[in-house]
Amino acid sequence: MAAQRAPRVVAELGRPETPEETAARKAANSKKHRQNQTTLNLVFALIASLVVVLVIVLLVPRSDTPIERDVDVSAIAEQAQVGASAPLVVPELPDGWRPNAAEIRTGSDDITAWYVGLLTPGDEYLGVYQGFDANDTWVASLLARTLATGVVEIDGVEWTVYDNRESGDDVGNARYGLVTTSNDTTFVLLGTASPEEFATFATAITPTIQAQ
């Protein structure tokens, strides 16, 4: 006959533990084991998820070429011209200029404008707003309420210059701007392009300005 196992002595009490204490100890150990297993399972699941994401990132092909919209400014302008009171700007530019937007815009001030946005050969932004019956408030809002810094003549047209390239203020896309008015039409050029690129664009739209 096998010898009966002696009751476990609880060191803190200096005596054998009672059946109730034994049951409580085993229950506590079991709970701790389950908690440890749950934590390990969560860690393993997280690691597995990271591995899956890494595999997807490595396997999915990517292109470094930026996505650009292919906008036909001439076609859009032809449709919009019906409701315009003056010829709309459709710039004919050298290779390297990529239009990515063309539309009629009406602001909260009820000023209607024809807008064309482009990327320059230097991968900078340049936009032109052709406002009809516009006012100084409309111009100021487009140019982040910055002040004029000079005047320049380009291809026989006098432009007011807004040069904010050295400013530490948040002026959005109005880092550089040109403004001119012909009859009741105001032209606002703004963007992050260089003054030379602005001059190229201004020259391209001179015929439209003179036709107002």
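Trainee: Hi! What kind of model is this, and which pLDDT do local features need?
Mentor: This is a predicted model, where local features need pLDDT of at least 70, side-chain atom pairs count only at pLDDT 80 or more, and totals for chains, interfaces and linings use all residues. Residues are numbered from 1 along each chain as its sequence is written, and side-chain values use heavy atoms, with hydrogens and water left out.

Trainee: Good. How many helices and strands does the chain have?
Mentor: The chain has five helices and nine strands. Helices (H or I, at least four residues) and strands (E, at least two) are DSSP runs, numbered from the N terminus. From the N terminus on, the order is β-β-α-α-β-β-β-α-β-β-β-β-α-α.

Trainee: And which strands form the sheet?
Mentor: Seven strands form an open sheet, ordered β3-β4-β5-β9-β8-β7-β6, with antiparallel pairing. Two strands pair if DSSP finds at least two bridges between them. β3 (98-106) and β6 (150-154) each have a single partner strand, so they stand at the edges with one side left without a neighbour in the sheet. From one strand to the next, the twist averages 20°.

Trainee: How many bridges are there between β3 and β4?
Mentor: Eight bridges, in the antiparallel sense, with β4 covering residues 112-119. One place to look is R105, whose bridge partner in β4 is A113.

Trainee: What packs on that sheet?
Mentor: Helix α2 (residues 73-80) does, touching β3 and β4, and its direction makes about 175° with that of β4. Helix α4 (residues 195-204) packs on the sheet too, touching β4, β5 (125-132), β6, β7 (157-163), β8 (176-182) and β9 (185-191). The direction of α4 makes about 150° with that of β9. As for the terms, contact means heavy atoms within 4.5 Å. Axes are lines fitted to C-alpha atoms, for helices over the stretch in contact, and angles run from 0 to 180 degrees between N-to-C directions.

Trainee: Let's stay on α4. Is F201 buried or exposed?
Mentor: F201, found in helix α4, is buried, because its relative accessible area is 0%. Buried means under 20% relative accessible area, exposed over 50%, and partly exposed in between (1.4 Å probe, protein chains only).

Trainee: What is F201 in contact with?
Mentor: Leaving aside neighbours within four places in sequence, F201 is in contact with P91, L93, W97, L118, L126, V128 and L189. F201 and V128 are 73 residues apart in sequence, and their C-alpha atoms are 9.2 Å apart in space.

Trainee: What share of the whole chain is buried?
Mentor: Of its 212 residues, 31% count as buried. Among contacts between residues at least 6 apart in sequence, 47% join residues at least 24 apart.

Trainee: Switching topic: which residues line the largest pocket?
Mentor: The lining is V71, D72, V73, S74, V90, P91, L93, P94, W97, P99 and L118. These lining residues divide into nine nonpolar, one polar and one charged. Here Ala, Val, Leu, Ile, Met, Phe, Trp, Tyr, Cys and Pro count as nonpolar, Asp, Glu, Lys and Arg as charged, and the others, Gly among them, as polar.

Trainee: What volume does the largest pocket have?
Mentor: About 150 Å³. On a 1 Å grid over the protein atoms alone, a pocket is an open set of points where a 1.4 Å probe fits, with protein on both sides within 12 Å along at least five of seven lines, and lining residues have an atom within 4 Å of a point. Grid points are joined across faces, edges and corners, and the volume is the space filled by probe spheres set on the points.

Trainee: Now backbone angles. Where does D133 lie, and what is its phi?
Mentor: D133 lies in the loop between β5 and α3 (136-142), and has a positive phi of about 55° although it is not a glycine. With a relative accessible area of 57%, D133 is exposed.

Trainee: What about R145?
Mentor: R145 also has a positive phi of about 55° and is not a glycine. Its place is in the loop between α3 and β6, and R145 is exposed at 58% relative accessible area.

Trainee: Last one: which residue in the β6-β7 turn has a positive phi?
Mentor: That is D155, at about 55°, in a hairpin with two residues between β6 and β7. Five bridges join these antiparallel strands, and V152 stands opposite W159 in β7.
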